[in-house]
Amino acid sequence: MQKIYKYIEISTATLGSRFAKQPFRIRAKECALAFVTLLDGLDVQLVYEDSQRYEELQAIVWDIFWKGISL
């Protein structure tokens, strides 16, 4: 679990600094946490679905995520 928490911490910090460069509807750290959670869910789907279905799901959730954080 330590490695997982470290991964989430580093990913959130890295993405948070990227999200901080643009104005969004929610804070940069919240955007980063939501994105890391989204990727985690997609990774699980990759285990259970084929790559084509994964790509479809990725496009859907990215669109919803982006519209959700955009001003």
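## Salt bridges along the helices

Lys 67 and Asp 63 are joined by a salt bridge in which the closest N and O atoms are 3.2 Å apart, a salt bridge being a side-chain nitrogen of Lys or Arg within 4 Å of a carboxyl oxygen of Asp or Glu. Both residues belong to helix α3, where they are four residues apart, about one turn of the helix; helices here are DSSP runs (H or I, at least four residues), numbered from the N terminus. Lys 67 counts as exposed because its relative accessibility is 59%, whereas Asp 63, at 37%, counts as partly exposed. In these terms, buried means under 20% relative accessible area, exposed means over 50%, and partly exposed lies in between, with a 1.4 Å probe and protein chains only. This is a predicted model, in which local features need pLDDT of at least 70 and side-chain atom pairs count only at pLDDT 80 or more, while totals for chains, interfaces and linings use all residues. Residues are numbered from 1 along each chain as its sequence is written, and side-chain values use heavy atoms, with hydrogens and water left out.

The structure holds four salt bridges, and another of them brings together the side chains of Glu 56 and Arg 53, at 3.5 Å from N to O. In helix α1, Glu 9 forms a salt bridge with Lys 6, with 4.0 Å between the closest N and O atoms; the two residues are three residues apart, about one turn of the helix. Lys 6 counts as partly exposed because its relative accessibility is 45%.

## The nonpolar core

The largest nonpolar core has 13 residues, of which Leu 15, Phe 19, Phe 35 and Ile 69 touch the most other members. Such a core is a set of buried Ala, Val, Leu, Ile, Met, Phe, Trp, Tyr and Cys residues joined through side-chain atoms within 4.5 Å. The elements that give two or more residues to this core are α1, α2 (28–48) and α3 (51–69), and α2 gives the most, with six residues. In soluble globular proteins, nonpolar side chains tend to be buried together.

Thr 12 lies in helix α1, which covers residues 2–19, and Thr 12 counts as buried because its relative accessibility is 9%. Leaving aside neighbours within four places in sequence, Thr 12 is in contact (heavy atoms within 4.5 Å) with Lys 29, Ala 32, Leu 33 and Val 36.

## Phe 19, Phe 35 and the aromatic rings

There are eight aromatic pairs in the structure. Rings of Phe, Tyr and Trp (its six-membered ring) pair if their centres lie within 6.5 Å, and planes under 30 degrees apart count as stacked, over 60 as edge-to-face and the rest as tilted. Phe 19 and Phe 35 make an edge-to-face pair, with 6.3 Å from centre to centre and 70° between the planes. Phe 19 lies in helix α1 and Phe 35 in helix α2, so this pair ties together parts that are 16 residues apart in sequence. Ring pairs also link Phe 19, Phe 24, Phe 35, Trp 62, Phe 65 and Trp 66 into a cluster.

Both Phe 19 and Phe 35 are buried, and Phe 35 counts as such because its relative accessibility is 16%. Not counting residues up to four places away in sequence, Phe 19 touches Phe 24, Ala 28, Cys 31, Ala 32, Phe 35, Phe 65 and Ile 69, while Phe 35, counted in that way, touches Leu 15, Phe 19, Trp 62 and Phe 65. The C-alpha atoms of Phe 35 and Gly 16 are separated by 9.7 Å, and these residues are 19 residues apart along the chain.

Met 1, Ile 4, Tyr 5, Tyr 7, Ile 8 and Leu 33 make a nonpolar surface patch of about 630 Å². Patches are made of residues with over 30% relative accessible area and no salt bridge, with nonpolar side chains (Val, Leu, Ile, Met, Phe, Trp, Tyr) joined within 5 Å and like charges within 9 Å; accessible areas come from the Shrake-Rupley method with a 1.4 Å probe, and for residues only the protein chains shown count as cover. The largest share of this patch, four residues, comes from α1. Ile 4 lies in that helix and counts as partly exposed because its relative accessibility is 45%.
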